[in-house]
Amino acid sequence: MAGKPLRVLLISANTEKLPDPVFPIGAAYMAAVAVNHGHTVETLDLCFLDALRPALDEKIRLTQPDVVGISLRNLDSSSYPQNTSYIDDYKHLVGALRELTGAPIVLGGAGFTVMPTTIMEYLGAEVGVIGEGEMAFPWVLEQLATGTPFASTPQFSCQAVNGGVCVSPVTRIKSLDTTGIPMRQRFDMNAYYQRGGALNIQTKRGCYFECVFCSYPLIEGSKVRMRTACGVVDEMQALRDEFHIRHWFFVDNIFNMPIRHAKDICEEIVARRLDVEWSGYLNPKFMDDELCKLMAASGCKAIEFGTDSGAPTMIENLKKEFTVDDLRSASALCHKYGLKFCHSLIFGGPGETRQTVTETIALMDETKPTAVIAFTGIRVLPGTGMVEIALRDGQIDADDSLLYPKFYISPNLADELIDQIEAYARSHSNWIVPGKGIKTNIQVLQKLRERKIKGQLWRLLH
Ligand code: B12
């Protein structure tokens with residue numbers, strides 16, 4: 001390490017508790033990387049705080065940080081019409097930090113990466129790290145420790161924004177087995193395990209699909225990079241042995257693609273008789289008998305399919321690369337192996353009509369998922385294909401920063417769609433509609449967690 005070791009304060013700014021509080025795995029990765037580069041790291045998690053200011057005052061007083069890193073996971077709840085934007089809370093946090101310390105602020109995280117320059121302009125930080133932080137964060141710390149001005153190098157590109165700088169690695173990490181594992185102990189694992197029902201773990205990064213609304217390839221790249229099954233299961237085993245963590249969520253964009261990698265992970269869990277339970281996002285196309293059998297044997301208790309629509313026209317319009325038959329056969333395999341599953345839907349995309357809505361609902365009736373999570377309206381994110389479509393259909397302005405959420409709803413339907421979905425969900429007890437607060441009552445969910453129920457709560461629906 002060049003320069004003196006820095007005192008780094010890492011703040012996880014996420015306070016969202018729906019559908020569950022999720023462990024700040026990105027910030028835990030950053031804690032590990034900073035410590036491994038010789039810095040000292042203190043953390044502050046805003047998720048379960050009653051009040052920000054007293055906790056922040058105390059933390060700054062005790063740690064006297066040289067640098068403050070803030071992990072920004074979410075911009076908003078992405079649900080419509082009921083929506084929560086977190087941007088003003090982040091502004092408030094940065095304002096409070098400015099009153100308490102002169103330490104430079106480094107922003108990072110998935111939410112930040114979705115619109116880095118806009119956030120830099122709004123929050124006014126010294127540095128923002130775009131994308132994965134394992135290479136860039138230590139470099140940023142080194143520049144700060146040595147007082148070196150930020151300038152692009154062959155490894156990092158630097159862009160001046162609003163008096164600060166956005167740093168992005170020129171290439172993504174090739175071998176994820178060398179990045180180190182998250183330093184989870186720096187956050188309250190137990191609180192998340194009790195109140196969120198699981199911890200999270202990553203087996204790969206990247207997504208090579210191009211769904212029209214989706215930011216995943218922008219955040220993690222379009223090339224899929226995988227960890228070895230052995231490395232992943234070592235991580236699970238260590239947490240099981242030391243902290244009795246048995247419930248996991250695989251945070252991969254798509255757990256079962258490549259399908260061979262998913263099978264390797266399941267086989268490794270089975271071979272070690274790990275006795276864990278897990279869930280994750282899956283794609284209906286990459287499902288076969290062998291995988292489902294292995295998933296069931298390795299403790300898979302719940303599958304979330306990123307289905308989005310069950311109507312052939314909409315599947316095409318959203319640029320999803322599977323078919324209605326894939327949805328049928330994936331659902332049938334889940335029934336065969338007793339795997340609880342949910343279809344996550346987004347109604348109102350480009351070209352949605354009453355007819356396509358009816359087709360999707362009919363497919364839900366036919367495939368009989370344990371639960372359906374229905375979003376109405378698409379949160380338009382910069383850099384995705386939705387920007388052009390929303391501009392074309394007059395739903396956003398060309399100069400809209402999209403910092404506060406704008407939702408696209410097919411002009412064929414508008415608000416009538418929300419009423420239709422709401423009415424359907426109210427008469428079908430396995431439908432969850434976040435934008436209408438249907439089955440998202442946080443007190444009810446928390447009561448279930450108090451009864452020590454682990455895993456995905458939608459599994460309990462009928
Ligand atoms: C898995 C996932 C979920 C799972 C989480 C399960 C769990 N137990 O963890 C579930 C389904 C529950 C979920 C729910 C939600 N999610 Co989600 N989710 C994801 C997903 C696919 C992966 C997140 C993840 O864990 N990545 C792995 C970690 C290691 O990566 P990371 O946190 O980004 O950290 C890296 C970098 O960002 C960086 N970094 C992170 N912090 C910092 C800090 C500093 C200082 C630095 C330098 C770098 C840095 O380095 C890290 C390591 O490389 C992302 C999409 C994506 N590909 O990122 C969406 C994503 C994070 N989710 C999103 C949203 C909106 C939500 C919900 C609000 C949606 C909803 N209404 O249900 C909720 C909120 C839940 C909550 N309580 O916060 C958005 C957030 C952006 C936005 N649009 O606002 C994303 C980006 C998807 C999108 N639509 O664009 N989600």
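This is a predicted model: local features need pLDDT of at least 70, side-chain atom pairs count only at pLDDT 80 or more; totals for chains, interfaces and linings use all residues.
An oxygen atom of the ligand sits 3.4 Å from an N or O atom in the side chain of Arg205.

**Around the ligand**

- How many residues surround the ligand? There are 42 of them, and the closest are Asp20, Ser71, Leu75, Ser77 and Ser215.
- Sorted by type, the shell around the ligand holds 19 nonpolar, 15 polar and eight charged residues.
- Gly133 takes part through its backbone, with an N or O atom placed 3.1 Å from a ligand oxygen.
- Four elements each contribute at least two residues to this shell: helix α1 (25-36), strands β3 (67-71) and β4 (105-108), and helix α8 (216-220).
- Which element gives the most to the shell? That is α1, with four residues.

**Helix α1**

- α1 has twelve residues, and the distance from its first C-alpha to its last is 16 Å, close to the 16 Å expected at 1.5 Å a residue.
- Is α1 mostly covered or mostly open? Mostly covered, since nine of its twelve residues are buried.
- You can find the buried residues of α1 by name: Ile25, Ala27, Ala28, Tyr29, Met30, Ala31, Ala32, Val33 and Ala34.
- These buried residues pack against strands β1 (7-12), β2 (40-45), β3, β8 (199-201) and β9, and against helix α6 (136-146).
- After α1 comes Gly38, which has a positive phi, near 90 degrees.

**Helix α10**

- α10 covers residues 259-271, and its 13 residues should span 18 Å at 1.5 Å a residue; the end C-alpha atoms are 18 Å apart, so the model agrees with that expectation.
- Six names make up the buried part of α10: His261, Ala262, Lys263, Ile265, Cys266 and Ile269.
- The strands they pack against are β9 (204-205), β10 (225-226), β11 (247-250) and β12 (277-282).
- Their helix partners are α9 (229-243) and α11 (289-297).
- Following α10 is Arg273, with a positive phi near 45 degrees.

**A closer look at Ala262**

- Ala262 is part of helix α10, and its relative accessibility is 0%, so Ala262 counts as buried.
- Setting aside residues up to four places away in sequence, Ala262 touches Phe255, Asn256 and Leu291.
- Pro369 is 107 residues from Ala262 along the chain, and the C-alpha atoms of the two are separated by 22 Å.

**A closer look at Glu220**

- Glu220 belongs to helix α8, and Glu220 counts as buried because its relative accessibility is 13%, under the 20% cut-off.
- Which backbone atom does the side chain of Glu220 reach? The backbone nitrogen of Gly206, at 2.8 Å.
- Arg205 returns here: Glu220 and Arg205 are 15 residues apart along the chain, yet their C-alpha atoms are separated by 5.8 Å.
- Beyond neighbours within four places in sequence, Glu220 is in contact with Arg172, Gln202, Lys204, Arg205, Gly206, Arg225 and Asn253.

**A closer look at Gln456**

- Gln456 is located in the segment after α17 (442-450).
- Is Gln456 buried or exposed? Its relative accessibility is 12%, so Gln456 counts as buried.
- The side chains of Gln456 and Glu304 make a polar contact at 2.6 Å.
- Not counting residues up to four places away in sequence, Gln456 touches Phe249, Ser279, Ala302 and Glu304.

**The cysteines**

- A disulfide is a covalent bond between the sulfur atoms of two cysteines.
- How many disulfides are there, with a cut-off of 2.5 Å between the sulfur atoms? The count comes to zero.

How values were computed. Residues are numbered from 1 along each chain as its sequence is written. Side-chain values use heavy atoms; hydrogens and water are left out. A residue is near a molecule or strand if one of its heavy atoms lies within 4 Å of it. A polar contact is a pair of N or O atoms within 3.5 Å; within protein, one must be able to donate a hydrogen and the other to accept it, and residues adjacent in sequence count only if both atoms are side-chain atoms. Ala, Val, Leu, Ile, Met, Phe, Trp, Tyr, Cys and Pro count as nonpolar, Asp, Glu, Lys and Arg as charged, and the others, Gly among them, as polar. The expected span of a helix is 1.5 Å times one less than its number of residues. Buried means under 20% relative accessible area, exposed over 50%, partly exposed in between (1.4 Å probe, protein chains only). Contact means heavy atoms within 4.5 Å. A disulfide is a pair of cysteine sulfur atoms within 2.5 Å.
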